Structures are given as C-alpha cells and as structure tokens.
Amino acid sequence: KKISLNLNYNKGILVRVNWKEIKNNGDKSMMFFVTMIIFSPMTAIIPGIYAIYLMIKNKGKIEKNYLNIGLLVLFIWSLIVALKNESVLSFLGSSMLLMYFSIGFLGQQYFITRRKINKVLKYSVYLTALTAINGIIEKIMYIYLHKSTGEVVGPFNNRVVSSYGNPNMAGAWFASAIFIALYLTTINSEKKQRSIYALCTGVMLIALLLTESSGAFVAFVSALICYYVLKNLNDKRKMIILGLSIFTIISIFLILQSKGDTQAVLTEINSSFSSRYDIWIGSLKMISQKPLMGWGTLATLEHGKDFFYNNGNSIHSHNIYLTFFVSTGIIGLCMYLYIKLKLFKDLFKLYKVKEPLVPLLVSLNVVVIVQGLVDCSLYAPQLGILFISTCAITFNLSRGKVRAEKKSKKNNNAKGNIIELETKTIAI
C-alpha cells in the first residue's frame, strides 16, 4: 500500500520521501519515466513534472551539495533575469531548469544501488535500439519515396530524426547510448547478453551515421578515444583494433556525407560551421549589451532576428557556453562552470579508486562538451535529463552512497502488506 523511504545523512540533513505512487521500490515507475524520456522530447518532461510534484507534496528537504545548490541557483537566477527583461517566454523557459533540479533530486534518491543504475542503463539501451531501428526505417522510406516521386514525402527526411526532435540531438543521443551499451557489455559475462548488446550497438551506430550530424559524430569519436584510454588498454592488439575501428567509422561517415561527390565532404563540414557564424557573432553582440544578467533563457528565440541577421530567431546560441552567457549572463555561466568543475573533481576521485563506471561517465560528459562547441544539447529535454542523471550518479558514487545490492527472492505472501524501508545512514 505504501512504501516509506527515509534517508538520514550524517551531516544532519534529512531527506524524507514517501513513495506512495512508486511500487516495487520505484523500479516500475522509473522504467516508465525512461520510456517517456526516450519516446519524445514532449513526453520527456513527465519525469520532471512528477519529481517536482514529489518534492512539493512530501516537503523533502534537499541535501546541500553542489548539484542541488547549483541547479537551484541557476533556476532562481533565470527567473530574476526573466523578470528584469520583462520576458514571459523566458520566465516560462526557466521551468526547464526547475525540471533539471527536480530530476537531480530524484536521481540522487533513486540511484543508490548498482542494480538500479544498471537496470536503467539496460532499459535505455533496449529502447534506444528500437528508436534506432525506427530511424533506419525512416531513411529507407525516404530513399524509396524520394526515388519514386523526386520529392520529400511526409515526415521522412534525408537525415535520421527518429524520436529526438532533430538530427543533431538524435546523433548525440545515439552516441551516448552506444557508450552505455559498451559499458554493459564489459560488466556482463553471459555470451547471449553480450551478443544482444553488440547488436544494439551496431544498430545505434548505423542510426548515428545516418543522422549525418557532424557535431555528434566528432563528439562520438572524441568520447570513444577517451572511453578506451580510461579503460587502460595496454594491449597493442586491442589498440590496433580500436584504431582500425575508428578509421572505418570515420570513412563510412565521410562516404555518407559525400554522397558520391568528394568535394561535398569539405562543403558539408564548412557549412556546419559557417551556418553558425552569424549566430555566434550575434550572441557576442547580445552579451556585450547585457553581460551581467543576460537576456533570459529563450532570449535568442525572442530577439535573434535583431542580431542573427541571416539566421533569424534561434532557440539557443549553438554553443553551450555562449548559450548560458547570453541567457543568464556571467553569473549563470559561472554557476554552470562551477557545477562542471565539481563534477570533474568527483570523476577524478572515482578514477583514482578505479570505479568501473568512470569510462562511461566521462564519455557521456565528453559528448556534451564536444558537441557543445557547435550546439547546446542541454536545451533538449532528453539529453538534458541524461546529463543531470549522469551528474546524480557521479555524485552518489563519489560520496559512497551507491551500494551493491544482493538479489532476494520475492515473497508472494507479502502482497498487500505495508512495505517500509529501514532508515539508512549514508556517510558523505
């Protein structure tokens, strides 16, 4: 009927959450949330709304750590900036930061065992593989219909979008999911399960290439190198295989970009950057006018046409650092950098103790950083939630909050009983 979860931290900060709606210790609800996140950018906000509801209803006291404080300050500051600029659109857009704050809170409460972490990762890979198959079908239908009619028909596009809103975000998501699959493969000893992960990896890699997103692809290759370097591959044979694999992947991507024209590759790469020059220059002009407070979270969508002469309005500045600078000023940018710095310190701490999840966590961050040079994935709810969840897992691991959980047999006679978890004291 009711699951009561009490977490009492030894710094005197009590986090009390009554999980009335969450059965089976939250697993079923979390799987539903993962489904909603991957299904669509629109449904991805459902977990955030639920987390906000959970905090308000149960009056949970939030632990004072860099992730919670940083996101909360960013949210409050974005509201102040929106009010200062008298922007209703940016005021509403600030709710995105509140959603990320609540997701961080929920993640810190849920990701307290390796079983839970691995279960969410496993489910995410399976669902992403399905969306990758959907993307491949999109591409096949586009080729068939375009060849038959000579026109773009219906929702089918030359670049794979699947359930992620646009090709660039789709590419970043597929790239991230590939690293999750690689991690799960390394910790699983069952041959059948490893084969399934290998198949999922292959499908997602094909979908990533078909998005033809230069930013996502460069981020993927950069993160792939970091992933295997952190795994301490001293085996020359494996290093040769890695090098050949990267060379093959890059070759396939370039072939897809060229479409039979060798000059098209350089043209495409140049276009990826030149199309953003106008936005970057316009963003710098916006920053020069309001460097301290910024313009608001969705200011480029409101005022872009006044600064981005050839591109008109844009939802963000196509650079993660410029985006924070434009939207929340130097104060907001410094708060974001503060969160990243503390996160890197935690990752380094975990690296020193040889935490198995470090290669995955670092790779996911590298994808955000590298693609962030030409895009802002945190403005996409799906990728933003993935990043915040990664932060929550990193924080919990670095503070020793994640424990190994032994499997226990289900008691069939326990149905209908009140389930109460013991109060746990977790050292920070």
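In the protein chain, 75% of the contacts with a separation of 6 or more are between residues 24 or more positions apart. The model is a predicted one. Its protein chain contains 15 helices and four strands, and 54% of its 428 residues count as buried. The chain exposes about 21,000 Å², of which carbon and sulfur atoms supply 64%.

Of the 18 residues of α15, 18 are buried, so the helix is largely enclosed by the rest of the structure. Glycine 400 follows α15 and has a positive phi, near 70°.

Aromatic side chains were considered next. The structure holds 15 aromatic pairs. One of these joins tyrosine 50 and tyrosine 53, whose ring centres lie 6.0 Å apart; the planes meet at 50°, so the pair is tilted. Both residues belong to helix α2 (residues 45-58), where they are three residues apart and hence separated by about one helical turn. An α-helix has 3.6 residues a turn, so residues three or four places apart point the same way. Tyrosine 50 counts as buried because its relative accessibility is 15%, under the 20% cut-off for burial. Tyrosine 53, by contrast, is partly exposed, with a relative accessible area of 35%.

Another aromatic pair is formed by tyrosine 227 and tyrosine 228, with 5.1 Å from centre to centre and 85° between the planes, an edge-to-face arrangement. With a relative accessible area of 2%, tyrosine 227 is buried, whereas tyrosine 228, at 22%, is partly exposed.

Lysine 116 lies over the face of tyrosine 110, at 4.7 Å from the ring centre. In a further case, the ring belongs to tryptophan 295: lysine 290 lies over its face, at 4.2 Å from the ring centre.

Technical notes: Residues numbered from 1 in each chain as written. Predicted model: local features only at pLDDT ≥ 70, side-chain atom pairs only at ≥ 80, totals over all residues. Heavy atoms only, no water. Helix = DSSP H or I, 4+ residues; strand = E, 2+ residues; numbered from the N terminus. Buried < 20%, exposed > 50% of the residue type's maximum accessible area, 1.4 Å probe, protein only. Contact = heavy atoms within 4.5 Å. Areas by Shrake-Rupley, 256 points an atom, 1.4 Å probe, with all protein chains shown as cover. Phe/Tyr/Trp six-rings, centres within 6.5 Å; stacked < 30°, edge-to-face > 60°. Lys NZ or Arg CZ within 6 Å of the ring centre and 35° of its normal.
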